[in-house]
Each structure stands twice: as C-alpha cells, then as structure tokens.
Amino acid sequence: HSNREMWFQDLFPPNTCPINAKTFYGIMFDAGSTGTRIHIYTFVQKSPEILPELEGEIFESVKPGLSAYADQPKKGAESVKRLLDMAVDAVPPHLWKKTPVVLKATAGLRLLSEEKAQALLSEVKKVFEESPFLVPEDSVSIMDGSYEGILAWITVNFLTGQLSGQNQNTVGTLDLGGASTQITFLPRFEETLKESPGDFLTSFEMFNSTYKLYTHSYLGFGLKAARLATLGALNTEVADGQMFRSSCLPKQLEAEWHFGGVKYRYGGNKEGETGFKPCYVEVLKVVKGKLHQPDEIRGSSFYAFSYYYDRAADTNLIDYEQGGVLEVRDFERKAKEVCDNMERFSSASPFLCMDLTYITALLKEGFGFRDNTLLQVRRSSIPKPASHQPHNRCKSDTHKGRIDAIHKTFGVHSEKL
Ligand SMILES: O=c1[nH]cnc2c1ncn2[C@@H]1O[C@H](COP(=O)(O)OP(=O)(O)O)[C@@H](O)[C@H]1O
Ligand SMILES: [Ca+2]
C-alpha cells in the first residue's frame, strides 16, 4: 500500500457499513419439549434488486420447556418474556415495529391436553402483544409434526447445495427430540411411495420443482419420552410415591425426575439384572413393531441431529464441534460398553445406558436401518453464519457491543445429560 492509498482510511474505518445496505431482523422461538430457544436473525439487503442475506444470529435458550409449566401458563410465558427482553436490547428501537416475532411449539405441547396447551399459547401471545414487535396473525402455534421434519430436510439439502442444480442426490434427515422423533427423505423408488401410509407423504413446491417427501413425526418417541416408556411410566396415572425400575439404570440408584409437569420416581433393579442385554429387551418393547419401515432407507445414509448428536458427543463417538460420521453399530458398541460398566459411567448421567440403548433400538428395530448404515451426526441442521464472512466485518460497534453484552449476561449454555 502506498501512502496515497492509505490517507483516507482514518476517515472511513473498515467497520463502517455501506450507507445503503439495509438491515432487517426476525425473531423465532423454538418451543421444544426440553427447552425454549430464541433465534434473533439479522438479514442484510445490500441492494434492492437482490434477496436479503442472513448476516448473523443471536441465540439463547432457557430450560425447562413450556410444557413444564402445564399448570402455570403465566409462569411459562414469563420464561418466554425473559428471552424476548433480549431481543428488545438486540434490535435497534427504530426497527422494533417492523420486526416479526413468532413461536413454534413442538412435541412437548402436542403431548399436553388441548386445554393446557392453549392456555400456554394464549399467555405467550399476550407477552408478544405487550412487546414492541410486529405480531403476525397466527404468530404463536403448535407446529405440525410433518412440517418439523420437512424443515430440517430443506435446511440440510438446500444449505449443502444438493438441490440447487438438476442433481437430485438428496440426503435424508433424522431428528431425535425430547418428546418426538422425525424421519424425512426423498423417496427414489416408486415402491416406497406405494407402500407408505398416505399421511407419511407430503408434496411441496420449491424453485419450480415439486418434491414428494416421506416424512413422519413419532410423538412419544423422543429420547425423554422413551425413558418414561421404558420405565412403564408414559401414559399412565402415576400414583403418589410410585417407583419405576429398570435394568438400564445403575442398581443402587433411586431418584426423582420432572417431565411435562409431572414428578416421577425411578431407580435401578436392586436385586435383579442390569446391563445391555436385559436393557435392550426392555427398550425393544417400546419400539418393536411401532414404526413404519420403508425398505429403501436400509441402504442410504442420513443426517442425524439433536439427541443423536448429544449422546454421540457425550461419549466421544464424535467431535463436539465438528460432529462426525458413524455407523449404526457404533451406537450399539457404545451402549454395550456403558451398560456393562454402569458404575464407571453413571457420574455423567444415570440414563446414559438407557439412552444409548434406545437410540440403537430405534435405529435398528424401529426404522429398520442396517448395522452399517452411515449417519452424518451433526450438532444442528443450521450452520452458524461464519464470523469471518466479509459482511460480518461490516457490523457497527454498538451492534457488536450489544451481542457481547447479551452473551455475557446469559452465559454459554450447554445441554446437560
Ligand atoms: O436451538 C436448537 N435447535 C434445535 N435443536 C436444539 C436446539 N437446542 C437444543 N436442541 C436439541 O434438541 C433436543 C431436545 O429436543 P426438543 O426439546 O426440541 O424436544 P422436541 O423436539 O421433542 O419438542 C436436544 O438434543 C437438544 O440438544
Ligand atoms: Ca426439537
């Protein structure tokens, strides 16, 4: 650089934004069964002719999820309000009125009675309406299970660029939540379309193509719901002080657990068997014959998210940041290792053996995957916008200051076992 090129740089510091780039915000709540998450998206429109680009995301979460407040809807809505207050700080005041806010609830609320779910949603709606943001019609609702699966599939296949050309090599997605689990893929064989239950197929249009997807959300087959099912405590009246025991838990364990606003007591088989074999038998009862098994998935590979990722990362099967590629049999190998050495692992979580065994059984006996089916196990279907992207340098200091302050206030959240 010659001095002549440099002289003006003090006048225009490198982090000054182009005057005509417009910034928009959007606020999305993912109200899952185990937690509520806020995504505050920033979009930048660099010129009027092109579509806005995702510039950044602020993310925070709280636990427990809304469904834990089944009997205290106002308290549930307060947990949403605390997250929404962050958005008030993050979005510049002159854009509040133009920034839409929506909340999509998933399986936790689907499992509640209509009455309790509606009470929660209407309290959340009140919180939205008292906020300075734009509240679209239908801004607070329970997301349809098939939409949940399609959303993950679109995100993966469009962001990995698979669908941009004529290339129809798409990849299926598996999501294991707390209360429900989804499987979604684009069938390649006529046979699959013919043998699938009608409500497992959904068509949608995108970029002038029609995609007919196989997708289904199994309610009650999420990891935490499966714990209850294995213990025999799902969909039963729980008597006061009733104890649920399992061979998947450490022998001497006796403890309490709250899920969906109900308290459960659980423990190990004090006198009886423990370990992988008896545990697999127990877990098998939960999945065997309960899921549709499309033939064509046996030979294909899938992306797997949420608790597939969490448990694989917890047990060092994959890298915590990068994720990794696993075979179905890797989950089984790890399940055996943990269940047959329960004392060594129970400090992490007493449920680790049960969780890994359930994942194994769900993949093999539930969906019908082969031992050598490949799984791309990833933290999230949505890659974080890279901080080194050129337009991220073009963020005002005050904006960055806000984000830093928010992250400091709320700390880094990581999923506990
Ligand atoms: O922001 C997020 N987006 C997607 N999944 C998340 C997010 N935060 C946590 N998770 C994962 O979601 C799983 C919990 O599922 P969730 O609470 O969404 O239940 P649900 O989908 O059955 O309602 C965990 O594996 C957790 O790591
Ligand atoms: Ca979820």
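Start by selecting residues 114-130, which make up helix 4 in this predicted model. Helix 4 lies across strand 4 and strand 5, and it runs at about 155° to strand 5.

Next, select residues 73-90 to bring up helix 2.

Now hide the helices and turn to the strands. In what order do the strands of the sheet stand? Follow them as 3-2-1-4-5: these 5 strands form an open sheet with mixed pairing. Colour strand 3 (53-62) and strand 5 (140-142), which stand at the edges. Each of these two has a single partner strand, so one side of each is left without a neighbour in the sheet. As you look along the sheet, the twist from one strand to the next averages 20°.

Here is a handy reminder while you look: strands of a sheet pair through backbone hydrogen bonds, either parallel or antiparallel. For an antiparallel example, select residues 22-31 (strand 1) together with residues 36-45 (strand 2). How many bridges join strand 1 to strand 2? There are 10. To see one residue pair, click on Ile27 and then on Ile40 in strand 2, which is its bridge partner.

Finally, zoom out to the whole chain. You will find 14 helices and 15 strands along it. The chain has 417 residues, and 39% of them count as buried. Among the contacts with a separation of 6 or more, 73% are between residues 24 or more positions apart.

Methods:
Residues are numbered from 1 along each chain as its sequence is written. Chains are lettered from A and ligands numbered from 1 in the order in which they are written. This is a predicted model: local features need pLDDT of at least 70, side-chain atom pairs count only at pLDDT 80 or more; totals for chains, interfaces and linings use all residues. Two strands pair if DSSP finds at least two bridges between them. Helices (H or I, at least four residues) and strands (E, at least two) are DSSP runs, numbered from the N terminus. Axes are lines fitted to C-alpha atoms, for helices over the stretch in contact, and angles run from 0 to 180 degrees between N-to-C directions. Two residues are in contact if their C-beta atoms, placed from the backbone, lie within 7 Å. A residue is buried if 20 or more other C-beta atoms lie within 10 Å of its own, exposed if 12 or fewer, and partly exposed in between; C-beta atoms are placed from the backbone.
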